[in-house]
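Open the structure in your viewer and keep the selection tool at hand. We will go from stop to stop, and at each one you select something and look.

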Amino acid sequence: MTTRIGIYPGTFDPITLGHADIIRRGAKLVDKLILGVTTNPSKNPMFSTEERFAMVEREVVGLGLDNVEVVGFNSLLVKFAQSQDASVIIRGLRAVADFEYEYQMAGMNQQLDDDIETVFLMADVSLQPIASKLVKEIALYGGDITPFVSAEVRDEVVARVDKIGRKGDW
């Protein structure tokens, strides 16, 4: 019997309730779900790779899922999926704008390895507007991010904002 392994990649900077929703749902689709915490300097991360890795690991423990593992990577997604013997890449979609980018990426990944399927999960309606980039922006301008992240992640983001300084007129 073959174990179906899926990859859910992301920068998770920070991990949000939207990410947690996709993790919970994606874990039901595969025997083993690997959360690939990746580097992406173009996204101007608030947290280091090590900090994000630890944050994601802690949040996964809180979800109580025994078939989820957190792994860091810094390579092409397809190469990472191959190295993990994954046959599925799971991606979350919030809106049409996400779809265009994700559709193109899925097509390119298929060209690189057509044995790896991409599965899109629509974000829960209540979580669709949540994006890590917006969570960081709200926090940097002194807004409340409580509805978008766990209490622990909120505390980490607030502490980081206190360290680097708020923006705007508050």
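How much space lies in the largest pocket? About 1200 Å³. Before going in, note that this is a predicted model, where local features need pLDDT of at least 70, side-chain atom pairs count only at pLDDT 80 or more, and totals for chains, interfaces and linings use all residues. Residues are numbered from 1 along each chain as its sequence is written, and side-chain values use heavy atoms, with hydrogens and water left out.

**Stop 1: the largest pocket**

Select Gly 10, Lys 43, Arg 91, Tyr 101 and Glu 102. Of the 40 lining residues, these are the closest to the pocket's centre. On a 1 Å grid over the protein atoms alone, a pocket is an open set of points with protein on both sides within 12 Å along at least five of seven lines; lining residues have an atom within 4 Å of a point. Grid points are joined across faces, edges and corners, and a volume is the space filled by probe spheres set on the points.

Now colour α4. This helix gives the largest share of the lining, seven residues. Helices here are DSSP runs (H or I, at least four residues), strands are E runs of at least two, and both are numbered from the N terminus. The lining divides into 18 nonpolar, 13 polar and nine charged residues. Ala, Val, Leu, Ile, Met, Phe, Trp, Tyr, Cys and Pro count as nonpolar, Asp, Glu, Lys and Arg as charged, and the others, Gly among them, as polar.

**Stop 2: the second largest pocket**

Select Lys 133, Lys 136, Glu 137 and Leu 140, which are among the residues lining this pocket. Its volume is about 270 Å³. Here α5 supplies the largest share of the lining, four residues.

**Stop 3: a cavity**

A cavity is a set of points where a 1.4 Å probe fits but cannot get out. The count comes to one cavity of 30 Å³ or more. Select Leu 77, Ile 89, Met 105 and Thr 118, which are among its lining residues. Four residues of the lining come from α4, the largest share.

**Stop 4: helix α2**

Which residues of α2 are buried? Arg 52, Met 55, Val 56, Glu 59 and Val 60. They cover an arc of only 135° around the axis, which puts them on the same side of α2. That arc is taken from the directions from the helix axis to the C-beta atoms. Buried means under 20% relative accessible area, exposed over 50%, and partly exposed in between (1.4 Å probe, protein chains only). On the other side of α2, Glu 50 and Val 61 are exposed.

Show β2, β3 and α6 next. They are among the elements that cover the buried residues of α2.

**Stop 5: helix α6**

Select Val 153, Val 157, Arg 160 and Val 161, which are buried in α6. Their arc is only 100° around the axis, which puts them on the same side of α6. Turn to the face away from the buried side to find Asp 162 and Lys 163, both exposed.

**Stop 6: His 19**

Last, select His 19 in helix α1. Is His 19 buried or exposed? Buried, with a relative accessible area of 15%. Leaving aside neighbours within four places in sequence, His 19 is in contact (heavy atoms within 4.5 Å) with Tyr 8, Phe 12, Pro 14 and Ser 132.
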